[in-house]
Every structure is written in structure tokens, then in C-alpha cells.
Amino acid sequence: MAISIILPKFNMNMDEGVLLRWLRRDGDSVEQGDPLCEVETDKVNMEVEAPADGILCRLQFEEGAHVPVTAVIAFLAADAAEALELAGDSGPFADVAEEEASNEAPGPGRAGLAEPTVEPSVTTPSAPRPEDPFLTGNRVRATPAVRRLARERGVELASIVDGRGRASMEALEAAIASKHAAGGGRPTGPSVSNSGLTPGTGHVTTPSYGPPAPAEDLPGIGTVTARAARRGLKGRPMPLDPTRRTIAERMMLAHQAPHITLVREVNVAGLVRARHAPAFETTSFTALFAAAVVRGLMAHPLVNSTFEEGQIVYHDEVNLGIAVARPEGLIVPVVPEAEKLTLFELASRISDLVGRARAGRLTVREVSDGTFTITSLGQAGVDLFSPLVNPPQVAVLGIGRITDRVAPIAGGIGVTPSVYLSLTCDHRVLDGEPGAAFLATLADDLEDPSWLGAGSALG
Amino acid sequence: MSEMTFAHAIRASLREAMEVDPTVFMLGEDIGVYGGAFGVTDGLLAEFGPERIRDTPISEAAIIGAAIGAALGGMRPVAELQFFDFILLAMDQLVNQAAKIHYMFGGTVPVPIVVRGPAGSGTGAAAQHSQSLEALFTHIPGLKVVAPSSPRDAKGLLTAAIRDPNPVVFIEHKLLYRLKGDVPDGEYVVPIGSAEVKREGRDVTIVATQIMVPRALAAADRLAVDGIQVEVVDPRTLSPLDVDTIVASVKKTGHLLIAHEAVKSGGIGAEIAASVVESDAFEYLEASLVRVAGQPTPIPYNRDLERCAVPQQEDIEAAVRKLVA
């Protein structure tokens with residue numbers, strides 16, 4: 001009996017993944033555990049492994065397809081004969097449909113005895129069930145208009161269904177737009193810089209899609225955007241990739257919290273001087289700020305708490321998130337138990353995580369369970385900004401640029417490097433005063449970095 | 001072009017038809033001296049005399065039967081029902097005789113009668129004087145069923161009905177009688193079997209009949225404020241139904257709402273819905289179609305309950321919002 005291979009739910013928030021690349025081809029012999037394809041999920045890439053030994057056949061999705069979790073992506077035949085038999089089936093999902101039909105028609109041996117319905121096991125990719133009646137071609141819920149447009153544009157309905165098995169017009173329009181954008185393959189470099197968006201600033205563009213194309217280059221786009229046109233809008237719909245969608249969802253969630261932002265200018269003349277010492281030459285400012293933050297959080301545990309299910313949860317460890325801008329969107333790798341590290345260990349961990357974040361090589365664990373986040377737009381030339389708290393965390397620190405500023409010094413006017421720190425607090429948990437106390441500790445440590453020399457753990 | 005009420009437009013059509021065609025005459029209860037229960041024939045007795053404006057006994061079977069006989073004898077009678085509910089007393093004459101004769105005699109005998117009168121609720125006339133029975137007639141081959149919503153359509157369609165060689169059931173909603181609108185001067189015809197787009201829009205098609213047309217137009221005004229562009233199609237003739245106009249509109253908007261006062265179950269809305277789903281407009285539907293229609297109850301005497309029993313403007317508006325949400 002052939003085994004159907006489904007797209008596993010790699011994490012709790014995942015509804016779909018983008019099938020980036022098939023690593024094995026139709027007809028390949030594979031062993032249990034072999035990676036079969038690479039899938040982009042919310043922010044990180046995962047591999048789907050072969051649940052057993054066999055011959056991979058009947059790949060159901062092309063590379064680039066948006067695939068709902070638990071959708072059958074391919075089949076695994078036990079031997080060559082079965083692979084041939086599967087390949088000869090009338091069409092995609094045919095065997096699943098037949099299985100379904102045979103379940104519906106009770107044979108003589110079990111007349112009147114209904115087969116128990118087997119719910120698809122969405123979290124155990126190693127045990128897919130070929131009899132799963134889930135998401136077969138004839139089970140997708142879609143309006144007639146969606147079915148017609150999908151047929152005309154060659155979009156497989158199963159590839160755009162949501163978690164409830166429904167293919168919406170919005171998803172279809174997005175899929176058509178994305179199909180077209182992907183097929184267009186336009187070069188992007190010059191126009192991206194023309195648009196004024198600098199990669200790495202936290203402002204996100206999707207360079208691979210290129211600039212808006214003239215309408216005549218987009219066959220059928222007129223009908224696709226009919227809904228938008230009705231509202232008087234002109235434009236080209238672009239589906240959110242999983243990263244963008246995760247950011248959108250997280251930010252909306254974050255936005256619901258009552259935020260206050262406390263701002264403090266900190267004189268960093270001492271810190272700048274300290275960094276010029278040979279010992280710290282290779283240590284980034286980010287790492288120095290991170291180290292100060294870890295110390296501050298140990299002294300102010302409420303700032304390091306999380307707000308979950310109506311409770312404040314205190315944490316002994318500081319899992320420090322560092323926001324990293326990438327062209328495809330913001331990501332926040334986490335340094336776990338940062339309080340146990342020395343400054344140099346912390347610096348090296350941050351450097352490693354940031355590098356892999358930019359390369360898209362983080363694991364799910366490495367972006368999970370942060371207790372506090374720091375984010376900097378200093379290198380992008382921003383003096384001061386108000387970041388959003390990433391729930392369930394209760395605060396986030398924004399770091400502006402370090403630059404020479406006019407300041408009163410010893411009764412006169414002088415020039416000294418300074419930085420604006422902005423602490424955004426979830427006011428449900430963190431009031432202004434305790435937030436300000438944390439900022440004060442941080443400012444003291446940064447203005448007088450004499451602690452930097454210590455080779456012991458930060459906590 | 002002059003402004004007049006729906007009732008005046010019908011009287012104008014009757015007057016012009018009787019002026020140009022001596023075979024046209026009217027018969028009905030209290031249509032002469034009294035001028036009709038809703039005043040539609042007021043003054044016609046003085047103009048045309050008792051030969052052509054004939055008061056009848058209180059017997060609907062006799063009215064329709066006499067009209068059929070006169071039609072077979074070469075006349076073009078227009079029979080008024082005091083309330084459309086009373087047609088039930090004359091259903092044998094209408095359905096078994098008028099609708100069949102043309103067919104049963106091999107097309108050699110026309111039966112050019114018009115059966116017209118007031119229908120619908122909204123006047124506190126209770127269960128036996130407020131019904132919308134049009135679906136009874138649309139089910140009968142051989143009957144044409146006309147149900148206009150504006151003075152202009154009323155006059156043009158009644159003229160077409162009087163000229164039609166076979167039976168036409170002409171339904172006038174009571175609440176429309178006082179509706180004013182521009183009406184072209186002189187004789188003109190609105191063809192039977194032709195719908196009209198009363199308002200153009202891109203988002204939702206409302207197919208509305210009779211009193212639901214002005215309610216749908218008012219709802220469309222309010223919805224337009226929120227950017228929802230409603231197209232309102234009035235079939236004007238319920239049998240034969242102008243499916244093409246409805247289908248074209250649904251293909252444009254992808255959303256269909258059908259509004260009529262008659263009870264929803266088995267109503268004309270079911271026929272319209274089925275016609276759309278059978279057509280190529282099916283593949284343009286972006287959501288299930290919706291019927292907004294009368295409750296399954298006799299029309300109550302109590303004014304508040306009466307209002308609840310049939311769709312109002314706000315019901316149509318709410319249903320559209322839900323449909324495009």
C-alpha cells in the first residue's frame with residue numbers, strides 16, 4: 001500500500017508552507033529520513049523527510065506552490081510495480097478519491113457498520129494515512145467563481161485552501177498574482193535602490209518580485225483585480241509570503257497591547273572609548289548594549305517577565321532577542337540564558353545568530369522563547385524610534401544611532417557621543433516608574449562601563 | 001413627459017387605449033360611479049359611459065368568464081379585481097379557460113383579456129386583502145404575468161398588455177399607486193418580457209419586483225455611501241422572465257440578492273435563483289445567492305406585525321452587507 005506524504009505542521013501557528021525546492025525527483029528511491037523537499041514556513045525553512053523507505057512518486061505541487069498543512073504533497077510506493085501503478089492513475093488524488101468511494105460503499109462483510117472516520121493526524125508526519133479523505137480535489141470548498149477562475153488560470157484549488165479546506169477568491173487572486181510575479185523574473189537591483197528602500201533597515205521589500213510591471217505585461221490581471229478596481233483602487237496584488245504574514249500577525253497582536261515608550265539620552269563617551277581598547281576592538285556595539293541589557297534585566301526581573309494567560313511569569317534566565325533586518329523581513333533570533341555568558345561569549349553568539357539569520361539558516365528553536373528584545377535602527381541613521389513589544393514579552397529596547405551631539409559639559413557647551421534609548425513597555429504589566437528604573441540602570445552602566453573588564457558571567 | 005402617480009399612469013393607459021380602440025372596455029366591481037376601490041378608474045365612467053365602464057355583480061368568476069366570452073367575441077376587455085386575492089374565486093375561468101383556449105383551438109382563437117388589480121400588503125387590509133399571489137400565475141403556461149414598479153412602466157406595460165392577443169395578469173402593488181414619476185406623453189409600449197436595470201452597480205445585483213424596487217433603490221443609496229455599488233434589476237414581467245438581463249448583471253457583479261414581497265417558499269425568487277444557477281452566470285457567483293422575501297405567514301392585521309411580515313428597506317440593506325462581507 002502506498003503511503004501519502006503530507007506537509008507537516010512544523011509549528012503551532014503554521015497554516016501553510018511554500019514548497020521551495022524538491023530535493024528528490026519523481027521515481028527516486030528514498031530511505032526513511034531522507035529529506036524530500038524544503039519548505040519555507042513562518043520565517044524558517046524546514047525539510048520534509050521520507051516517512052519510510054520506498055519510491056517517491058506523484059509529486060503533487062510544483063516548486064513555489066503555497067501548500068496548506070496536511071495537504072498530500074507526494075506518495076511513497078513500496079516497490080517499482082506499485083510506483084508504476086500509481087503513476088498510471090487517472091489524475092492527482094485519484095487513489096485517495098477511490099479510497100474514499102470504497103469507504104462510502106459498504107461491502108457485503110460490513111453492511112450497516114460505518115467505518116470510523118479517521119481524522120488526519122496533523123502533527124505526526126512520520127505516520128501519514130493514505131486513506132485520509134482530507135483535502136482531496138473534490139472536497140475543496142470554493143464558490144463557482146473561484147472554480148472558474150482557477151480553471152482558467154491553471155491554479156490547483158488544493159494549493160490555495162485555507163485551514164478549513166476552503167479556497168477563497170482572495171487566496172486565488174493572490175496565487176495568480178504570485179504565479180505571475182514569479183514567472184516574470186524581472187531583475188530588481190536598480191529599481192529597489194531607486195525606491196529608496198535600503199536593505200537591512202527593517203523596512204521590508206520583496207526584491208525578487210521586482211518593480212510593478214505595466215498592466216499590459218500581466219495577462220488577465222484586469223479580471224484578477226476586479227475586486228480592487230471596484231473600490232477604485234489600481235494596483236497589483238501581492239500575496240504575503242510566510243515571513244511577511246507572520247510579521248503582520250505578530251505586529252497586529254502586539255499593537256493591541258497598551259504601550260508606553262520611555263526615552264532617555266545616554267552619554268556614551270566612555271563606552272566609545274572603552275571599545276577602542278584592544279580587548280574590545282572586535283566586539284560590536286550591539287554586543288556591548290546587549291551585555292548592559294542583560295545586567296539590567298537581572299536587576300529588574302519584571303522587565304524580563306512575560307505576560308501569559310493573564311499572569312505575569314518571571315524568568316530566571318534572560319533569553320535575549322536581537323532583531324535582525326533582512327530584505328525578506330524582520331526576524332528575531334534569541335540568545336538563550338544570556339546571563340550565564342561572559343561578554344565575549346555573548347558577542348560571539350550574537351554574531352553567529354545574526355549571520356545565520358541573514359542567511360536564512362535559523363532553526364525554529366533559535367527564534368523561540370525570548371524574554372526581552374533589543375532592536376536597533378542606529379546604523380540606518382535613526383535617532384529615536386518607538387518599537388512595538390513582541391508579546392508575550394512586556395518590553396522592548398530600541399537603540400538609536402550613536403553620534404556626536406551638543407551637550408552641557410561641566411557648566412559649558414561641549415560635544416559628546418550619545419545615543420537615544422527608547423523602552424516600550426506593555427503598560428498592563430510594566431508601569432512607567434519601574435520601566436524608568438530599568439532605563440536608569442542601563443544608562444548608568446553605559447555611561448560608566450567600568451564593569452566591561454570583568455571576564456565573568458554577566459548575570 | 002409629465003409627472004404623475006402610478007394610479008394616474010394606469011388610468012392614462014386605459015383612457016388612451018379606449019380612445020383609439022373601440023373594442024377596449026372595462027368591467028369590475030365598483031369601477032364606475034365609485035371609481036374603483038383605489039380610485040384608478042375615477043372619472044372614466046363620465047368619459048366613456050356605462051357601456052365601456054361596466055360595474056358588475058360581486059362575482060369574480062362571472063367577471064372573468066364574461067371577459068373571456070367578450071374576448072372570444074372580438075372585444076379587448078380589461079377586468080379589474082377589487083383585490084387580487086379575489087382571483088381565487090375565478091381561477092377555473094382564468095387557468096382552465098383563458099390560459100388554455102388559444103392552445104386547445106390550435107392557435108385560431110385569441111383571448112385578449114387583461115386581468116388587473118391591486119395586490120400586496122402595507123395598507124392594514126389583513127390576510128385576505130394583502131396577498132402577493134403572482135407565483136400562482138407564473139406557474140400556468142398561457143398566462144403572461146406583468147408586475148411593474150414605476151408609473152412609466154405601468155403605463156407602457158398596460159398598453160402592451162391590452163394589445164397582447166392573449167391573457168395577461170397585470171399586478172399593481174397597492175403601495176405603488178401613490179408613487180410619482182415621469183411618464184412620457186401619449187401612447188407608448190414597454191414590451192412584455194423585458195427587464196430593466198434601474199440602477200447600475202458593480203458589486204451586487206438585486207433583482208427586485210414591485211414595491212421592492214423602490215426599497216432596493218433606497219437601500220442602494222445608503223450602501224453607496226459605504227462604497228458598495230448595487231445594481232438593481234426589475235424584471236417588470238414575471239412570466240415570461242427576462243433571464244438574459246438578470247444573467248448579464250450577475251456575471252458582472254458575482255453577487256445576487258432577490259427581493260420580493262411574496263412568501264419566500266415557492267415564490268418567483270426561487271424561479272429567478274434557479275434560472276441564474278442554470279445559466280453560465282453560475283460560474284461567476286462569488287457567494288451563495290440570497291432571497292429576501294415574505295415570511296411564511298398570512299399578512300397580519302396589526303400594522304407592526306404586517307411590516308415585519310414583508311421585507312423592508314433595512315432588511316435589503318442588511319442582507320446586502322452580509323452578502324458582500
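How do α1(B) and α6(B) lie relative to each other? In this predicted model, the axes of the two helices make an angle of about 30°; angles under 35 degrees count as roughly parallel, and α1(B) and α6(B) are therefore roughly parallel to each other.

**Two helices side by side in chain B**

- Helix α1 covers residues 6-20 of chain B and helix α6 covers residues 151-163, and their axes are 8 Å apart.
- The crossing of α1(B) and α6(B) is right-handed.
- On the α1(B) side, the contact is made by F6(B), A9(B), I10(B), A12(B), S13(B) and A17(B).
- On the α6(B) side, the residues in contact are P151(B), A154(B), K155(B), L158(B), T159(B) and I162(B).
- Sorted by class, the contact of α1(B) with α6(B) has nine nonpolar residues, two polar ones and one charged one.

**A buried strand in chain B**

- Strand β7 of chain B (residues 168-173) has six of its six residues buried, so it is largely enclosed by the rest of the structure.
- Both faces of β7(B) are covered, with V168(B), F170(B) and E172(B) buried on one side and V169(B), I171(B) and H173(B) buried on the other.
- Strand β5 of chain B (residues 114-119) pairs with β7(B) in the parallel sense over six bridges, and V114(B) has V168(B) as its bridge partner in β7(B).
- Strand β6 of chain B (residues 144-146) also pairs with β7(B) in the parallel sense, over three bridges, and here V168(B) is the bridge partner of K144(B).

**An open sheet in chain B**

- Five strands of chain B form an open sheet in the order β9-β11-β10-β13-β14, with mixed pairing.
- Its edge strands are β9 (196-199) and β14 (290-294) of chain B, each of which pairs on one side only.
- On average, and ignoring direction, neighbouring strands of this sheet are turned by 25° against each other.
- Helix α9 of chain B (residues 268-278) packs on the sheet and touches β10, β13 and β14 of chain B, and its direction makes about 155° with that of β13(B).
- Within the sheet, β10 (residues 204-208) and β13 (residues 256-263) of chain B pair in the parallel sense over four bridges; I206(B), for example, has L257(B) as its bridge partner in β13(B).

**Chain A and its contact with chain B**

- Chain A contains 12 helices and 19 strands, and 37% of its 459 residues are buried.
- Eight residues of chain A are in contact with 11 residues of chain B.
- Helix α3 of chain A (residues 144-153) gives the most to the side of chain A that touches chain B, with four residues.
- By class, that side of chain A has three nonpolar, one polar and four charged residues.

**Backbone spots to look up**

- A cis peptide bond joins P391(A) and P392(A), with omega about 5°; P392(A) is in the loop between β16 (372-376) and β17 (395-399) of chain A.
- Another cis peptide bond joins S239(B) and P240(B), with omega about 0°; P240(B) is in the loop between β12 (237-239) and α8 (243-253) of chain B.
- E309(A) is not a glycine, although it has a positive phi of about 50°; E309(A) is exposed, with 6 other C-beta atoms within 10 Å.
- D30(B), also not a glycine, has a positive phi of about 60°; D30(B) is partly exposed, with 15 other C-beta atoms within 10 Å.

Terms used. Residues numbered from 1 in each chain as written. Chains lettered and ligands numbered in written order. Predicted model: local features only at pLDDT ≥ 70, side-chain atom pairs only at ≥ 80, totals over all residues. Axes fitted to C-alpha atoms, helices over the stretch in contact; angles between N-to-C directions. Parallel < 35°, antiparallel > 145°, perpendicular 65-115°, else oblique. Left-handed = near helix turned anticlockwise from the far one by under 90°. Contact = placed C-beta atoms within 7 Å. Nonpolar A, V, L, I, M, F, W, Y, C, P; charged D, E, K, R; others polar. Buried ≥ 20, exposed ≤ 12 C-beta atoms within 10 Å, placed from the backbone. Pairing = 2+ DSSP bridges.
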